[in-house]
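Work through the exercises below with the sequence and the 3D structure open beside you. Try each task before reading its solution.

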Amino acid sequence: MSRLLYAVLCGVACMVYAGNAAAAQATSAIIVKGIQKILVPQRPKQDGILTVKENTLYVQCLNRAEADVWRCEAAGLEGEPWLRNVLTEERQEKLIALGFKPDKSFGNFVRIFPRSTRPSVLARTLLDVMTQIYGADADGIDALTDWLPAQPCHPRIMAGHDRGGSIAAHHWGFAQDISKGCQIVENTNGMNYDDPNAVVPGAPPGGEIDLDARYSAAIVAQIKRLEGGQKHIWAIFDTGLPYVQCELDPDDHAIYCEAASDDAVGAPLARILTPARRQNLLDAGFEPPGKVMNFARIYPLDRYDETAIAHALLAVLHDAYGYGGAPEIILTTETGKPTPL
């Protein structure tokens, strides 16, 4: 290797490393502030909760006024079964080696930290769990803080929901997502690929309609609307059980899309999403569930125009879910009003 080429490669690597290190340092500082704000103080009749998260990945730490320790929990498979694509056996072993022990009653991995732990040390541990165990991006991690009324056992988000198994805070979830007790029930909605010929209910007998001819123009119009760049703008294309949903990713100048998984929809979709069809999703560039409960990918706008994205989404509905054109696609946007396309 020439010295010049070595210098170029080293320069690129050094810049990437420096960027990653800077992001980790900035995120660590954010976590330290959260620890100092919510875990260090002790308030009578109040419990502090710190949630370090990226999408559905999280570590939560609980501060009880009367306790001389902090209880921290890292997301587990019982609460978020789609983490099986991220939290491999090897990574679970590494998490356990970091002192986090599995506790299925809450669906998470638990570690106790003494109050004497320095905020910088705790922050580094939480950041390592997020980045090295779950593969989170350091610059995408946030630290949320909240004070809750003190109680022996806090309600949790039910298994199978975003941040399933976590203590319910004010930052996410709906009332219907919260379990009745303070523990969760293991998600037993396992894979069920027992019907390789399953198709979406209502598919036209004896043939399929031309999906591009029927729906492409309407989906193109929605993609153009998303490109407007406004926040909280999205579109869901629902075919009954399967769906694809998209929004603008302004940071990457791309359209970010998700395709339904059985983790999100349940066993009926698992019977439709056979191994071969699941592979079709992966071949179409979708990442398996992990950071989110659905399959996900981006369509960079410098490589895909609106028509290409529309064709790709319709191909996913057909090739991965067996969608033949019926029932008709229902569009739901941020307005919350379902409309047939």
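The model is predicted, so local features need pLDDT of at least 70 and side-chain atom pairs count only at pLDDT 80 or more, while totals for chains, interfaces and linings use all residues. Residues are numbered from 1 along each chain as its sequence is written, and side-chain values use heavy atoms, with hydrogens and water left out.

**Exercise 1. Find which residues touch the most other members of the largest nonpolar core, and which element gives the most to this core.**

Step 1. A nonpolar core is a set of buried Ala, Val, Leu, Ile, Met, Phe, Trp, Tyr and Cys residues joined through side-chain atoms within 4.5 Å, where buried means under 20% relative accessible area with a 1.4 Å probe, protein chains only.

Step 2. The largest such core has 39 residues, and Phe100 and Tyr134 touch the most other members. The element that gives the most is α3, with 7 residues; helices such as this one are DSSP runs of H or I with at least four residues, and strands are runs of E with at least two, numbered from the N terminus.

Step 3. Among the buried residues of α3 are Leu122, Leu126, Val129 and Ile133.

Step 4. Just after α3, glycine 135 takes a positive phi of about 75 degrees.

**Exercise 2. Work out which strands pair with β9, and in which sense.**

Step 1. Two strands pair if DSSP finds at least two bridges between them. Strand β8 (residues 243–249) pairs with β9 in the antiparallel sense over 6 bridges, and cysteine 246 has cysteine 257 as its bridge partner.

Step 2. Strand β10 (residues 295–300) also runs antiparallel to β9, joined by 6 bridges, with proline 300 opposite alanine 254.

**Exercise 3. Decide whether α7 and α8 are roughly parallel or roughly antiparallel.**

Step 1. Helix α7 (residues 275–283) packs against helix α8 (residues 306–321) at an angle of about 155 degrees, with the axes 8 Å apart. Axes are lines fitted to C-alpha atoms over the stretch in contact, and angles run from 0 to 180 degrees between N-to-C directions.

Step 2. The helices are therefore roughly antiparallel, a term for angles over 145 degrees, whereas those under 35 count as roughly parallel.

Step 3. Arg277, Asn280 and Leu281 in α7 meet Val316, Asp319, Ala320 and Tyr321 in α8.

Methods: Buried means under 20% relative accessible area, exposed over 50%, partly exposed in between (1.4 Å probe, protein chains only). Angles under 35 degrees count as roughly parallel, over 145 as roughly antiparallel, 65 to 115 as roughly perpendicular and the rest as oblique. Contact means heavy atoms within 4.5 Å.
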